[in-house]
Amino acid sequence: MLTSMKEMLEHANENNYAVMAINCINLEIAKAIIHAAEDCHSPVIINISPRQFKAHATLEMIIPMIKKRSEQAHVPIAINLDHGQEFEDIVYAMQSGFTSIMFDGSSLPYEENIKRSQLIRALTREYGCSLETELGHVGQAQSGDNSREDYLTDPDQAIDFVRRTKTDFLAVAVGTAHGEYPKGMTPKIDFQRLKELKEKLRIPLVLHGGSGAGEENIKTAVKCGINKINVCTDLFNVGRDTMKSEIEKNPNIELLLLEMAVEAAMKNYIMAYMKMIGSTNRYMYTSQNMTIVE
């Protein structure tokens with residue numbers, strides 16, 4: 001069922017687990033996400049970024065398909081704008097049926113980030129959407145800037161930020177990064193900082209850069225208070241690598257069969273990730289109703 005990300009992540013916050021937020025650009029990824037969530041009895045968040053809907057997944061085409069399938073699903077599904085920065089993109093997403101907005105003002109000066117977050121907060125309330133913001137700055141894996149001290153989220157500043165913006169969730173910078181890390185590299189996460197953020201804020205916290213962060217890092221981050229984990233690069237790589245191996249095995253493979261193989265591989269990856277972060281078996285469905293599992 002299509003639902004609010006706020007309700008979903010508040011349950012995760014109260015019960016100490018995390019929900020995947022997975023970037024989606026086509027039918028195969030949407031089906032893999034929703035089928036995995038249903039098989040795992042897990043909530044899930046479908047992410048689409050402005051870059052993705054401008055380059056490929058136009059909202060007029062992909063959102064009706066995602067909404068239709070989500071409304072038929074037996075688990076909670078939220079649709080989230082990932083890294084919205086421009087006012088026009090944010091309004092476009094809300095008008096298109098997104099249930100949550102992530103406003104990324106992390107590259108702005110602190111007071112400007114607050115000012116714009118407050119504006120977006122007012123808009124999300126008008127449209128009935130939840131709001132995620134970012135404090136600190138989650139950098140790029142290839143540049144190695146994820147470990148910069150000045151990029152990491154300051155816990156005391158975060159208290160002021162959350163109080164003034166009234167954000168529902170906060171994306172924090174604790175050592176992960178977007179994109180693909182250099183070969184052999186696993187990020188070092190500042191778990192003490194993360195614990196302090198959770199103790200002081202007591203709201204759902206978000207980890208961007210969930211791809212390539214390492215299983216133990218992810219499990220520990222969830223234990224320390226992360227409730228939403230963004231995953232894009234690793235899933236896209238699963239799709240790419242599956243295409244490559246299937247074509248190598250059968251250069252004349254039918255496109256339909258190739259797409260089905262990609263979907264199956266992505267679904268398996270998502271299900272394994274859901275188990276890792278503790279979101280499986282949280283929502284049990286019968287023909288009469290859906291039960292939330294504490």
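**View 1. Residues around the second largest pocket.** Ile25, Asn26, Glu28, Ile29, Phe236, Asn237, Gly239, Arg240, Met243, Glu259, Val262 and Met266 line the second largest pocket of this predicted model. Helix H2 (27-40), H10 and helix H11 (255-277) are the elements that each give two or more residues to this lining. The pocket has a volume of about 220 Å³.

**View 2. Helix H10 in the lining of the second largest pocket.** With five residues, H10 gives the most to the lining of the second largest pocket. By class, that lining divides into six nonpolar, three polar and three charged residues.

**View 3. Centre of the largest pocket.** The largest pocket holds about 710 Å³ of space. Its lining is made up of 33 residues. Nearest the centre of the largest pocket lie Ser49, Arg51, Asp82, His83 and His178.

**View 4. Elements that line the largest pocket.** At least two lining residues of the largest pocket come from each of helix H3 (50-55), strand S3 (77-84), strand S8 (226-231) and helix H10 (233-249). The most is given by H3, which supplies five residues. Helix H10 supplies residues to the largest pocket and also to the second largest pocket.

**View 5. Residue classes in the lining of the largest pocket.** Of the residues that line the largest pocket, 18 are polar, eight are nonpolar and seven are charged.

Note on methods
Residues are numbered from 1 along each chain as its sequence is written. This is a predicted model: local features need pLDDT of at least 70, side-chain atom pairs count only at pLDDT 80 or more; totals for chains, interfaces and linings use all residues. Side-chain values use heavy atoms; hydrogens and water are left out. On a 1 Å grid over the protein atoms alone, a cavity is a set of points where a 1.4 Å probe fits but cannot get out, and a pocket is an open set with protein on both sides within 12 Å along at least five of seven lines; lining residues have an atom within 4 Å of a point. Grid points are joined across faces, edges and corners, and a volume is the space filled by probe spheres set on the points. Helices (H or I, at least four residues) and strands (E, at least two) are DSSP runs, numbered from the N terminus. Ala, Val, Leu, Ile, Met, Phe, Trp, Tyr, Cys and Pro count as nonpolar, Asp, Glu, Lys and Arg as charged, and the others, Gly among them, as polar.
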